[in-house]
Amino acid sequence: MSIVLYIAVMALVTYIVRMFPLTFFRRKIKSRFLKSFLFYIPYAILSAMTIPAIFYSTGSVITAAVGTIIAVVLAYFELPLIVVALAASAGAFAAGFFI
C-alpha cells in the first residue's frame, strides 16, 4: 500500500511541476528580466548539483581541485567535452599519486 502511495505522490508532483508553466504563462513572456532569469535556471541548477559532486568524488579535495582546474582551463579554450572530461579525470587520477 505504501509503495502505491509513494508512486501516486511522485506522479502528482511531476504533473504539477510540468503543468505549472502551461497554466500560468499562457502568453509570450515579454519581460527581459524574467526571460533572462528563466534562461539561466538550468545552468544554475546543474551547477548546484554538479559542483559538490565534483569535490566529493575523489575522496580528496586537492585532487578534485586539480581536475576541476584542468577542466575549467580546457573548457575556456573551447575543447570538445570528451577531451575536457578525460583530461580532468586523468589529472585528478595523476594528482592522487603525488598527494
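Me: Where does Glu78 lie?
Reply: This is a predicted model, in which local features need pLDDT of at least 70, side-chain atom pairs count only at pLDDT 80 or more, and totals for chains, interfaces and linings use all residues. Residues are numbered from 1 along each chain as its sequence is written, and side-chain values use heavy atoms, with hydrogens and water left out. Helices are DSSP runs of H or I with at least four residues, while strands are runs of E with at least two, and both are numbered from the N terminus. Glu78 lies in the loop between α3 and α4.

Me: Does Glu78 count as buried or exposed?
Reply: Buried means under 20% relative accessible area, exposed means over 50%, and partly exposed is in between, with a 1.4 Å probe and protein chains only. Because its relative accessibility is 71%, Glu78 counts as exposed.

Me: What is phi of Glu78 near?
Reply: Most residues other than glycine have a negative phi. Glu78, a residue other than glycine, has a positive value, near 60°.

Me: Which elements give two or more residues to the nonpolar patch?
Reply: Patch residues have over 30% relative accessible area and no salt bridge; like charges are joined within 9 Å, and nonpolar side chains (Val, Leu, Ile, Met, Phe, Trp, Tyr) within 5 Å. A salt bridge here is a side-chain nitrogen of Lys or Arg within 4 Å of a carboxyl oxygen of Asp or Glu. The nonpolar surface patch covers about 850 Å² and is made by Ile69, Val73, Tyr76, Phe77, Leu79, Ile82, Val83 and Leu86. The elements giving two or more residues to it are α3 and α4 (81-98).

Me: Which residue has a backbone oxygen 3.0 Å from a polar atom of the side chain of Thr63?
Reply: Thr63 has its place in helix α3 (residues 61-76), and it is buried because its relative accessible area is 6%. A polar atom of the Thr63 side chain lies 3.0 Å from the backbone oxygen of Ser60.

Me: What distance separates the C-alpha atoms of Ala53 and Ala64?
Reply: Ala53 sits in helix α2, where it counts as partly exposed because its relative accessibility is 45%. Along the chain, Ala53 and Ala64 are 11 residues apart, and their C-alpha atoms are separated by 9.7 Å.

Me: How far apart in space are Phe24 and Tyr40, C-alpha to C-alpha?
Reply: Phe24 belongs to helix α1 and is exposed, because its relative accessible area is 57%. Between Phe24 and Tyr40 there are 16 residues of sequence separation, and their C-alpha distance is 20 Å.

Me: Where is the place of Arg27?
Reply: Arg27 forms a positive surface patch with Lys28, Lys30 and Lys35. It is exposed, because its relative accessible area is 75%. The place of Arg27 is in the loop between α1 (2-24) and α2 (32-57).

Conventions
Accessible areas come from the Shrake-Rupley method with a 1.4 Å probe; for residues, only the protein chains shown count as cover. Lys and Arg count as positive and Asp and Glu as negative; His and the chain ends are not counted. The place of a charge is taken as NZ of Lys, CZ of Arg, CG of Asp or CD of Glu. A polar contact is a pair of N or O atoms within 3.5 Å; within protein, one must be able to donate a hydrogen and the other to accept it, and residues adjacent in sequence count only if both atoms are side-chain atoms.
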